[in-house]
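The points are numbered and may be read in order.

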Amino acid sequence: METKRDQALIGVQNYLEKAAESLKASAPIKFRISSRTDTGVHALCNAAHLDIQRGPGKPHFSEEQLLSSLNKHLRPEPIRILSAHRVPSSFHARFSALSRTYIYRLLLGCAHHSQVPVFERDLCWAPAGGPLNVPAMQEAAQFLLGTHDFSTFRSLNSDTEFTSPVRTIFQLDIQPSAGFLSHHYEHRALEFWEVKIKGRSFLYRQVRRMVGALVAVGMGRLAPHHVKELLEVKDALAFPPNIMAPPSGLFLKSVEYNEADLDVTVAPGG
């Protein structure tokens with residue numbers, strides 16, 4: 001999301017809106033982002049909408065023109081526009097989303113963070129302490145599926161009192177995965193796993209807390225039934241200290257929409 005001028009870190013939205021200045025629209029362009037992510041969290045794919053007002057007699061930008069112009073000005077940054085589509089004026093990138101899917105990448109087999117492959121640095125979490133009991137993690141994950149009050153699994157912030165803690169988790173899978181160029185260092189016996197979580201929306205740091213609790217189960221620090229008990233207590237302060245997963249392994253994988261909401265022929269608009 002956009003950050004203020006006096007903040008040290010600059011948000012992706014700031015870069016997008018700076019690049020949009022090259023379009024020379026008749027009014028400043030604001031990007032409405034579908035999903036906010038913490039500092040250090042990645043996005044394989046995010047979505048946003050914007051309204052572009054052009055001067056009298058000037059034609060609409062084509063999708064190709066938007067991609068070319070924006071990406072040209074984003075080139076120094078690790079940000080790319082992958083596609084652009086004209087949508088109805090009723091569409092909203094955040095509120096029209098049906099669901100969001102996150103991936104959390106785990107690396108097993110590293111006794112110390114210095115053993116993480118250099119090309120995986122800041123792109124996964126390598127919890128120390130030996131192998132994880134994945135079946136126990138999968139058992140604990142079942143308690144998180146469905147609609148619950150996730151108060152224990154959110155971090156407190158200024159929006160807490162205004163936000164309902166009830167969320168629905170559609171999918172929570174833990175599966176083996178592959179690392180970048182991992183076939184070139186098979187002799188190291190490293191294991192990559194992915195935690196895939198799909199829900200309509202998430203609370204502040206909810207995914208990182210859920211993953212941290214599941215890893216604590218895998219390490220034997222918690223039993224599967226403890227995850228159920230944490231869910232039932234409905235108290236953010238009851239979450240065990242120092243087990244929240246770090247941001248580096250978390251990726252927003254996709255944002256899903258209803259095709260009808262994207263159809264400009266249903267309700268023509270900007």
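This is a predicted model: local features need pLDDT of at least 70, side-chain atom pairs count only at pLDDT 80 or more; totals for chains, interfaces and linings use all residues.

1. With a relative accessible area of 8%, Arg208 is buried, because a residue counts as buried under 20%. This charged residue forms a salt bridge with Asp38, and the closest N and O atoms of the two are 3.1 Å apart.

2. A second pair involves Glu120 and Arg105, whose salt bridge has its closest N and O atoms 2.7 Å apart. Glu120 is in the loop between E4 and H3 and Arg105 is in strand E4, so this bridge ties together parts that are 15 residues apart in sequence. Both Glu120 and Arg105 are buried. As for shared partners, one network of salt bridges joins Asp38, Arg205 and Arg208.

3. The structure has six salt bridges. Another of these connects Lys30 and Glu17, with 3.6 Å between the closest N and O atoms. Since Lys30 lies in the loop between H1 and strand E1 (32-33) and Glu17 in helix H1, the pair ties together parts that are 13 residues apart in sequence. Lys30 counts as partly exposed, at 32% relative accessibility, whereas Glu17 counts as buried, at 13%.

4. The protein chain has an average pLDDT of 90, and 94% of the residues score at least 70. Confidence is lowest in helix H1 (residues 12-20), where the mean is 91, and highest in helix H3 (residues 134-141), at 98. Over residues 266-270 pLDDT stays under 50, and for this stretch the model has 13 contacts beyond four places in sequence.

5. The largest nonpolar core contains 47 residues, of which Leu106, Leu144, Phe153, Val195, Ile197 and Leu214 touch the most other members. Two or more residues of this core come from each of strand E4 (99-108), H3, E6, E7, helix H4 (206-218), helix H5 (224-233) and strand E8 (250-256). H4 makes the greatest contribution, giving eight residues. In soluble globular proteins, nonpolar side chains tend to be buried together.

6. Which residues does Phe153 touch? Beyond four places in sequence, its contacts include Leu144, Tyr204, Arg205, Gln206, Arg209 and Met210. Ala213, Val227, Leu230, Leu231 and Phe239 are also among them. Phe153 lies in the loop between strand E5 (146-149) and E6, and is buried, with a relative accessible area of 0%. The C-alpha atoms of Phe153 and Ala20 are separated by 37 Å; these two residues are 133 apart along the chain.

7. Val118, Phe119, Phe180 and Leu181 make a nonpolar surface patch of about 430 Å². Of these, Leu181 is located in the loop between strand E6 (166-177) and strand E7 (191-199). Leu181 has a relative accessible area of 35% and is therefore partly exposed, since that term covers values between 20% and 50%.

Note on methods: Residues are numbered from 1 along each chain as its sequence is written. Side-chain values use heavy atoms; hydrogens and water are left out. pLDDT is the predictor's confidence in each residue, from 0 to 100. Helices (H or I, at least four residues) and strands (E, at least two) are DSSP runs, numbered from the N terminus. Contact means heavy atoms within 4.5 Å. Patches are made of residues with over 30% relative accessible area and no salt bridge: like charges are joined within 9 Å, nonpolar side chains (Val, Leu, Ile, Met, Phe, Trp, Tyr) within 5 Å. Accessible areas come from the Shrake-Rupley method with a 1.4 Å probe; for residues, only the protein chains shown count as cover. A salt bridge is a side-chain nitrogen of Lys or Arg within 4 Å of a carboxyl oxygen of Asp or Glu. Buried means under 20% relative accessible area, exposed over 50%, partly exposed in between (1.4 Å probe, protein chains only). A nonpolar core is a set of buried Ala, Val, Leu, Ile, Met, Phe, Trp, Tyr and Cys residues joined through side-chain atoms within 4.5 Å.
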